[in-house]
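Keep the viewer open while you read.

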Amino acid sequence: MANALVYCPSGGGKTVNSTRVAVGKLGRNLLLCSDNSSVVLRNFDRPNLDVINLKDIENFTTEFDKSINDEKHDNIIVDNLSDLFDMWILELDASGKFKDMRQAYQTVYQALKRLVRKAGQVNKNVIFTAWHDDREVTLSNGEKVARIAPKLQPKILDNICGLCNIVAYINTAEKDGKKQWYYILEGTPQLYAKD
């Protein structure tokens, strides 16, 4: 099945739009929410959506593993990969297991790469969301540009995005006086995307 990563600034529509994905033969979608953004869904009709607000990384791991094997959900939405990274680092720091936090970061880097690889091998669609980040990059011609990319650590950004079938930036436009969301799927030197 497919996996995707959709990203935009905080409040830009990740949760609202990612939960609009059509259900399949099982008739249900699942939102695993780490950043409490599921509260915005109270304003929208999502009758085929189950929501689990995550308490910690152990809870996330248990629920994700359970959901990829269940016969209840067609699509799994992991909201939000940027926040999961932060949550994981904070938990490892609080655990006192690492005297050198670089080891904790390496542990989370590897875990997230395994997570996205696993998501691409299950019999369900998995949609990850992430916040966006502006970074200065140097192009091959030496020109420096600001680039919008998913808010993930630079050491794992290409790995995570490379393992996803789709990387889409959510943007908005006004049409007939109403706000409309759309996905940008074609990357440029200023924007990380792929289809």
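## Starting at Thr129

Is Thr129 buried or exposed? Thr129 counts as buried, because its relative accessibility is 0%. (Buried means under 20% relative accessible area, exposed over 50%, and partly exposed in between, with a 1.4 Å probe and protein chains only.)

Before going on, some ground rules: this is a predicted model, where local features need pLDDT of at least 70 and side-chain atom pairs count only at pLDDT 80 or more, while totals for chains, interfaces and linings use all residues. Residues are numbered from 1 along each chain as its sequence is written, and side-chain values use heavy atoms, with hydrogens and water left out.

Thr129 belongs to strand β5, residues 125–138. Skip its neighbours within four places in sequence, and Thr129 is still in contact (heavy atoms within 4.5 Å) with a list of residues including Leu5, Val6, Lys14 and Ser18. Also among them are Ile77, Val78 and Asp79.

## The overall fold

The chain has five helices and eight strands. Both are DSSP runs numbered from the N terminus: helices are H or I with at least four residues, strands are E with at least two. In sequence order the pattern reads β-α-β-β-α-β-α-α-β-β-α-β-β.

How does the size work out?

## Burial, contacts and charge

Of the 195 residues, 44% are buried. Take the contacts between residues at least 6 apart in sequence, and 63% of them join residues at least 24 apart.

On charge, there are 26 positive and 25 negative side chains, and the centres of the two sets sit 2 Å apart. Here Lys and Arg are positive, Asp and Glu negative, and His and the chain ends are not counted; each charge is placed at NZ of Lys, CZ of Arg, CG of Asp or CD of Glu.

Now look at β2, residues 29–33, where five of five residues are buried. Asn29, Leu31 and Cys33 point one way, while Leu30 and Leu32 point the other.

β2 runs parallel to β3 (residues 49–53), with five bridges joining them; strands pair if DSSP finds at least two bridges between them. Leu32 stands opposite Ile52 in that pairing. β2 also pairs with β4 (residues 75–79) in the parallel sense, again over five bridges, and there Cys33 has Asp79 as its bridge partner.

## Asp50 on β3

Asp50 sits in β3 and counts as partly exposed, because its relative accessibility is 24%. Beyond residues up to four places away in sequence, Asp50 touches Arg28, Asn29, Leu30, Leu31 and His73. Lys72 is 22 residues from Asp50 in sequence, and their C-alpha atoms are 9.8 Å apart.

## The β7–β8 hairpin

Toward the end, β7 (residues 166–175) and β8 (residues 178–184) run antiparallel, joined by seven bridges. Glu174 has Lys179 in β8 as its bridge partner. Two residues lie between the strands of this hairpin, where Asp176 takes a positive phi near 55°.
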